[in-house]
Structures are given as C-alpha cells and as structure tokens.
Amino acid sequence: MRTATVTRNTLETQITATVNLDGSGVGRFDTGVPFLDHMLDQIARHGLIDLDISARGDLHIDAHHTVEDIGITLGQAFARAIGDKKGIRRYGHAYVPLDEALSRVVIDLSGRPGLQYHIPFTRACIGGFDVDLFSEFFHGFVNHSMVTLHIDNLRGVNSHHQAETVFKAFGRALRMAVEFDERMAGITPSTKGTLTA
C-alpha cells in the first residue's frame, strides 16, 4: 500500500495528514474549517484516496494559515506516498460538471512544482469561507508534492458549485495519475529515467 503520514508543527498550526493512495475513498477530517473539510472529502471520495487530516490552527485570526498549511502537509504526505513513481500513469485529467458549473483539472506528477489556477469566483465567500484561500491550499500542495497542476473553472454562477467541481475534478485527476499502468510495469514514465531528481 502506498501510504504516508506527515506531522507538521509550527507556532501557527499543528497538522497531521495520512494518505493512502490505494484506498477506497474514506475521509476523516477535523480541521476546524468545515467548508474545507467538505472539499477535502471530495478529493478522497472521487480520487479513491483515503485521507485522514487533523489540524489545530490560529483560527481566532482567520483560516489562512490553517488552509495553506493543510495544503503543504498534504503535499508532503502525497510526495512520500507516491514513492519513485515507477509504473504509474503520471498524467491525469478530469472534467466535472455540477449543474451550471464546469471545471477541468489536469495534473502531471512531474517532479516540478507549477500551478496554473483560474477560478473566477462569483463571490468572495462561501458561507464564512474566504475563496482566496483555495489558491493558498493548492499552492501549498503543489510546492510540496512537486507536481504540475492546471485548474480551470470553465463556467459557473454558484460559487459553491465552482469550488466543488474543482475539488471533484482534482480528486479524479489524481486518481488517474497515480494508477498503475500494466504496460509500464516497473518503468519510470519519463525519458529522463527519473521523476524524483
């Protein structure tokens, strides 16, 4: 099983993330940020990745540090769990609709961090959640998982739907990228011969 647990403690947050890339989509979340928990559950459910994330942060200030640091810690756990990447598909993509909203996510487990993030949210908050923090989450994840990630919300009016389609598509793209390809068994999917250096 490709699993990893990372604990990251700072003066602002204390976070533990456990990832099982060969799971069944079970999610357990205790972050203190309910809407983020809902989005993380989309990653688990649609990626068939087991996630267990607990966090304590300086929420009396706002959710910025907590959300960003969860992205960082999850990225670190993902990087450990994926290992040397031999035999995987490497690339993943997904389009996901929800009523009027449609999002596309494309990922390359390249070993190089890069994020293209294009979500024209129609309002600044979903409930009490500041939508700017989604960018912080994905930057944290990308920089510490060492992946290239393109996120595009192609259309949408309802901000909740915009966010949910992005996280569902992210989960499905991850699922595709981490899957083993029988024709690539034991082979690194790169002409360089490595995706970790």
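Trainee: Why is Asp152 called buried in this predicted model?

Mentor: The relative accessible area of Asp152 is 16%. Buried means under 20%, so Asp152 is buried.

Trainee: What makes Asp152 and Arg104 a salt bridge?

Mentor: Their side chains meet at 3.4 Å, N to O. The cut-off is 4 Å between a side-chain nitrogen of Lys or Arg and a carboxyl oxygen of Asp or Glu, so the pair qualifies. It links strand E10, which holds Asp152, to strand E6, which holds Arg104, 48 residues apart.

Trainee: Why is Arg104 called partly exposed?

Mentor: Arg104 has a relative accessible area of 26%. Partly exposed covers the range between the 20% limit for buried and the 50% limit for exposed, so Arg104 is partly exposed.

Trainee: What makes the pair Tyr95 and Arg104 a polar contact?

Mentor: Their side chains are joined at 3.5 Å, and the definition asks for N or O atoms within 3.5 Å. Tyr95 lies in strand E5. Beyond its neighbours within four places in sequence, Tyr95 also contacts Leu102, Ser103 and Leu154.

Trainee: How do you know that Asp69 forms a salt bridge with Arg8?

Mentor: The closest N and O atoms of Asp69 and Arg8 are 3.3 Å apart, and the limit is 4 Å. Asp69 is in helix H2 and Arg8 in strand E1, so the pair ties together parts 61 residues apart in sequence.

Trainee: Are Asp69 and Arg8 buried or partly exposed?

Mentor: Asp69, at 6%, is buried; Arg8, at 23%, is partly exposed.

Conventions:
Residues numbered from 1 in each chain as written. Predicted model: local features only at pLDDT ≥ 70, side-chain atom pairs only at ≥ 80, totals over all residues. Heavy atoms only, no water. Helix = DSSP H or I, 4+ residues; strand = E, 2+ residues; numbered from the N terminus. Contact = heavy atoms within 4.5 Å. Polar contact = N/O pair within 3.5 Å; in protein donor to acceptor, adjacent residues only side chain to side chain. Buried < 20%, exposed > 50% of the residue type's maximum accessible area, 1.4 Å probe, protein only.
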